[in-house]
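Thanks for coming, everyone. Please keep the sequence and the structure in view while I talk.

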Amino acid sequence: MILPPYAELLGLTIEPGEDAPVFVMPFGDDVLGRPGFLHGGAIGGLLEMAAVGALKQALGGEEARVKPINITVDYMRGGRDKPTRARGTVTRLGTRVANVEAIAWQDEPDRPIAAARINYLITR
């Protein structure tokens, strides 16, 4: 999967997953918010990249452009000085619209630091 420039700026790498790829963002000065914590925009960007990765995998290599319609991010706890992972889940894949959820975590996936719900317009 080719990552966009923003993903490269965040230092994202991809771990293959069964349902969707897992995106990993290392902690560093580029994603620092207040001292010792991740910036909320970096977390939001990680969630968006994970959602797009899950949607592209669900499309199965089909040539399609995806454009976000709506994004809602819920921040649950502060991201600390450690790698952060995120994975998206496609909840609905229609012919023109897709709904995707994404979670970001640091220690365990069942203790997310943030979650997002994103609606995409699909142009095939």
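**Strands, core and a buried polar pair**

Before going on, the ground rules. This is a predicted model, in which local features need pLDDT of at least 70, side-chain atom pairs count only at pLDDT 80 or more, and totals for chains, interfaces and linings use all residues. Residues are numbered from 1 along each chain as its sequence is written, and side-chain values use heavy atoms, with hydrogens and water left out.

Helices (H or I, at least four residues) and strands (E, at least two) are DSSP runs, numbered from the N terminus. Two strands pair if DSSP finds at least two bridges between them.

Now the strands. E4 covers residues 84-93, and E2 pairs with E4 in the antiparallel sense over 4 bridges. On to E1, residues 13-15. E1 and E2 run antiparallel, joined by 3 bridges. A hairpin through 6 residues connects E1 to E2. Val22 turns up again here: Val22 in E2 is the bridge partner of Glu15.

What about E4 and E5? Those two pair in the antiparallel sense over 8 bridges. Thr89 stands opposite Glu101 in E5. The hairpin from E4 to E5 passes through 3 residues.

Back to E2. Are its faces covered or open? Both are covered. Val22 and Val24 sit on one side, Phe23 and Met25 on the other, and all are buried. Buried means under 20% relative accessible area, exposed means over 50%, and partly exposed is in between (1.4 Å probe, protein chains only).

That takes us to the core. A nonpolar core here is a set of buried Ala, Val, Leu, Ile, Met, Phe, Trp, Tyr and Cys residues joined through side-chain atoms within 4.5 Å. The largest one has 29 residues, and Leu12, Phe23, Met25, Leu46, Leu47 and Tyr120 touch the most other members. Which elements give two or more residues to this core? They are helix H1 (5-10), strand E2 (22-25), helix H2 (40-59), strand E5 (97-105) and strand E6 (112-123). H2 gives the largest share, 9 residues. As background, nonpolar side chains tend to be buried together in soluble globular proteins.

Take Phe23 from that list. Contact means heavy atoms within 4.5 Å. Not counting residues up to four places away in sequence, Phe23 touches Met1, Leu3, Leu12, Thr13, Ile14, Leu46, Met49, Ala50, Gly53, Thr84, Arg85 and Ala86.

Note Thr84 in there. Thr84 lies in strand E4. Thr84 counts as buried because its relative accessible area is 0%. What does its side chain meet? It makes a polar contact with the side chain of Gln106, at 3.0 Å. A polar contact is a pair of N or O atoms within 3.5 Å; within protein, one must be able to donate a hydrogen and the other to accept it, and residues adjacent in sequence count only if both atoms are side-chain atoms. Leaving aside neighbours within four places in sequence, the contacts of Thr84 include Val24, Leu38, Trp105 and Ile113.

Now the partner. Gln106 is in the loop between E5 and E6. Gln106 counts as buried because its relative accessibility is 11%. The Gln106 side chain also reaches the backbone nitrogen of Arg80, at 2.9 Å. Beyond four places in sequence, Gln106 is in contact with residues including Gly78, Gly79, Lys82 and Pro83.

Two prolines next. Pro26 is in the loop between E2 and H2. Is Pro26 buried or partly exposed? It is partly exposed, because its relative accessible area is 38%. Leaving out residues up to four places away in sequence, Pro26 touches Leu10, Gly11, Val31 and Pro83.

Pro112 lies in strand E6. At 16% relative accessibility, Pro112 is buried. Outside four places in sequence, Pro112 is in contact with Met76, Arg77, Ile103, Ala104 and Trp105.

Last, one ring. Arg34 lies over the face of Phe37, at 3.8 Å from the ring centre. The rule: a charge sits over a ring if NZ of Lys or CZ of Arg is within 6 Å of the ring centre and within 35 degrees of the ring normal.
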